[in-house]
Amino acid sequence: MTLATKVHQKEQNLNITSMSAQSPTIPLLTPYKMGKFDLSHRIVLAPLTRQRSYNNVPQPHAILYYSQRTTKGGLLISEGTGVSDTAQGYTYTPGIWTKEQVEAWKPIVDAVHAKGGIFFCQICHVGRVSNSGFQPNGQAPISSTNKPLAPRLKANGIDIAQFTPPMQLRTDEIPQVVNDFRIAARNAIEAGFYGVEIHGAHGYLIDQFMKDQVNDRTDEYGGSLENRCRFALEIVEAVANEIGADKVGIRLSPFADFMESGDSNPKALGLHMAESLNKYGILYCHMVEPRVKTAGEKSECPESLQPMRKAFKGNFLVAGGYGREDGNQAIAENLADLIVYGRIFLANPDLPRRFELNAPLNKYNRDTFYTSDPVIGYTDYPFLESTT
């Protein structure tokens, strides 16, 4: 650990101590300086796919959804937003590769900033988690591999998702995809976002390159751990060069095996990425807990993110089924700088306030997570005042 890192952590711990001395503020509600951003608390809105962006264009109803969950000095990460016309794999997910999409994002971002929120756009590419119906000219999805993905039950528990066998990207095609991320980042800044989070998790394209269960390449993007991480780091470098490293985060899930994307040595993968990212000086690394291996399920796990936490010199965010108590504990024990909340933040737009008062939480309704309705399961969860 460098001297600067030790000083930084000591300052943060002093902040917690001094805040606690003044009032019974809980660790999650202590302020935190994330680069140039002054956060008023440690509770972050997770990137949550909501499938309500018709024709891949963000809609006016998203203004209410995001502004409901905005607090002054609170960090929000947008839903996964496609970087190109090949990046889509789900109905009604937003993009940021066209002028129309950029313009549609502007009032949504403005609404968050009007309430004092810090808003980052998660830019992503699903890779082989798609089918030809989502692709331009009905072509095959692109990936690190041509290995097909088995059909699977959709989140609604009824429909089956079918995936078209992917087309393995040629070595000379990879720079174009890297460039798509760079342009998407530039577009996000044009739309008013303060920064971007690169989606390198959950079995999507970047993960398909990193994980050896998927990546069967024999070129410089396959084989060794360094080669498999090359694509991810080229994207980080391109995006950081385009908009500034102080506006860039990345999300990683080394321990997860979403969409048949597991790795034989996830700890080594996570550690390699944490150490390699330091070279680019990006703002934050957002990692998914090892206990969350499959979507929506939490399990006991002997592994820990602590080696990555110690290796990465920037701000460290964690996600993975946290509640109030274990979130407080993680901050108090310096296991993370910020805690990212998904489903319970969806169901409780005033989550920081509820945590402050230790108030009961609304229960989320999984059946309405991915409906296309602009209100139900989206902006109709009650605030504390309206439930008392």
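This is a predicted model: local features need pLDDT of at least 70, side-chain atom pairs count only at pLDDT 80 or more; totals for chains, interfaces and linings use all residues.
Local features were taken at pLDDT of at least 70 and side-chain atom pairs only at pLDDT 80 or more, while totals for chains, interfaces and linings use all residues. Numbering starts from 1 along each chain as its sequence is written, and side-chain values use heavy atoms, with hydrogens and water left out.

Helices (H or I, at least four residues) and strands (E, at least two) are DSSP runs, numbered from the N terminus. Thr30 sits in the loop between helix H1 (3–22) and strand E1 (32–34). Thr30 counts as buried because its relative accessibility is 0%; buried is under 20% relative accessible area, exposed over 50%, and partly exposed in between (1.4 Å probe, protein chains only). The Thr30 side chain reaches the backbone oxygen of Pro27 at 2.6 Å.

Most residues other than glycine have a negative phi. Tyr92, though not a glycine, has a positive phi of about 60 degrees. Tyr92 lies in the loop between strand E5 (81–82) and helix H3 (99–114) and, at 34% relative accessibility, is partly exposed. Asn137, not a glycine either, also has a positive phi of about 60 degrees; Asn137 is exposed at 80%.

As for the helix pair, the axes (lines fitted to C-alpha atoms over the stretch in contact, with angles from 0 to 180 degrees between N-to-C directions) of H4 (residues 174–191) and H6 (residues 225–243) come within 9 Å and cross at roughly 35 degrees. Residues in contact (heavy atoms within 4.5 Å) include Phe181 and Arg182 of H4 and Phe231 and Glu234 of H6.

Key
A polar contact is a pair of N or O atoms within 3.5 Å; within protein, one must be able to donate a hydrogen and the other to accept it, and residues adjacent in sequence count only if both atoms are side-chain atoms.
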